Amino acid sequence: MTFMPEKVTIYSVGLLGGSLGLALKNSGFKGKITGLSSPSAIETAKRLGCIDEGFTYESLQDVIKDTDLLFLCSPISVILETLKKLSTMELPEGLLITDVGSTKQKIVEAAAFLPPHVYFCGGHPMAGSEKSGPSTSDPYLFQNAIYVLSPPSGSNGYVENSFAAFLENYLGCRTLLLEPSIHDRIVATVSHVPHLLAVALVCLAETMEEKNPGTLTLAAGGFRDMTRIASAPYPMWHDIFLTNKAAID
C-alpha cells in the first residue's frame with residue numbers, strides 16, 4: 001500500500017521545495033501542500049502554484065500539528081537546527097520527516113533525537129541547479145532523476161518502501177537506498193569535488209585575466225560547461241563541505 005499523506009509541509013520553499021510542490025500538483029496529488037518560508041518566498045510560491053497556503057518559519061509548531069509528511073529543504077546547517085527544534089516539539093503520531101540535504105551522515109545523526117512515534121528518512125534528490133528561489137521551480141526537475149533515501153537504520157522497511165513508492169509515483173524519480181556514510185563518500189566524488197574544481201578553475205581564470213587581459217573573453221562553451229556549477233549559492237556549498245569534509249579529503 002502506497003504512503004498517501006493528506007497534508008504535506010515544505011520547510012523552505014526555494015528551488016527544491018518549490019519544485020517538489022509543483023511536481024506533486026502536476027502529477028495529481030490531491031492533498032494540501034503548505035509552505036514555511038520567508039514572506040517573499042511564500043508570496044512567489046503561492047502565485048506560481050507551488051503551495052496551497054504558506055506561513056513564516058515561526059509557525060512551524062502550529063503547522064506541524066496536522067502534517068503527515070514534512071520535507072526539510074533548507075541548507076544543511078538549517079536542517080540540523082530544525083531537527084533540533086522538532087525534537088522538542090509536540091509532533092503528531094506517525095509523522096514522516098525527510099530532507100533534501102546533499103550530505104546525509106550528520107543529518108541522520110541529528111534525527112536520532114526525534115521522538116520515537118515519528119519516522120525519519122534522509123533523502124537527497126540528485127537533481128538541482130545553480131539557480132535558487134521559488135521563481136526557479138520546475139515541476140519536471142525530478143523526473144528520471146535518482147532520489148537517494150538514507151534511513152537511519154541503513155535498511156528499508158515498510159515505511160521506507162512505501163515512501164519510495166510515493167516519490168516515484170508523484171515525482172517520476174527513481175529511488176535508491178544508500179547508507180548515509182556510503183552516500184557521503186559517493187557524492188564527494190561525483191558532486192562535491194567537481195564543484196571545488198569548477199571554483200578553482202574560475203579563480204584561475206580570474207587571476208589570468210588580471211595578468212593577461214582578454215582571457216575571459218576567449219572562454220567559450222567548454223569553459224562555461226565546466227564552471228557553470230561554480231555559481232551555486234555559497235551558503236549551501238559551505239554547509240556541504242563542512243559536513244562532508246572527511247569524505248572530500
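Keep in mind that the model is predicted. The sheet is open, has eight strands and runs in the order E3-E2-E1-E4-E5-E6-E7-E8, with mixed pairing.

**The sheet**
- At the edges sit E3 and strand E8 (174-177), each of which pairs on one side only.
- On average, neighbouring strands are turned by 25 degrees against each other, if you ignore direction.
- Strand E7 (residues 146-150) pairs with E8 in the parallel sense, over four bridges.
- Leu149 stands opposite Leu177 in E8.
- Helix H6 packs on the sheet, where it touches strands E4, E5, E6, E7 and E8. The direction of H6 makes about 160 degrees with that of E7.

**Helix H2 and its two faces**
- H2 covers residues 39-48, and its buried residues are Ala41, Ile42, Thr44 and Ala45.
- Those four cover an arc of only 165 degrees around the axis, so they end up on the same side of H2.
- The buried residues of H2 pack against strand E2 (32-36) and strand E3 (53-55).
- Turned away from that buried side is a face with the exposed residues Pro39, Ser40, Glu43 and Arg47.

**Where H1 meets H6**
- The axes of helix H1 (residues 15-26) and helix H6 (residues 158-171) come within 8 Å and cross at roughly 75 degrees.
- H1 and H6 are therefore roughly perpendicular to each other.
- H1 brings Leu20, Ala23 and Leu24 to the contact, while H6 brings Phe166, Tyr170 and Leu171.
- By class, that contact has six nonpolar residues, with no polar and no charged ones.

Notes
Residues numbered from 1 in each chain as written. Predicted model: local features only at pLDDT ≥ 70, side-chain atom pairs only at ≥ 80, totals over all residues. Heavy atoms only, no water. Buried < 20%, exposed > 50% of the residue type's maximum accessible area, 1.4 Å probe, protein only. Arc of directions from axis to C-beta. Contact = heavy atoms within 4.5 Å. Axes fitted to C-alpha atoms, helices over the stretch in contact; angles between N-to-C directions. Parallel < 35°, antiparallel > 145°, perpendicular 65-115°, else oblique. Nonpolar A, V, L, I, M, F, W, Y, C, P; charged D, E, K, R; others polar. Pairing = 2+ DSSP bridges.
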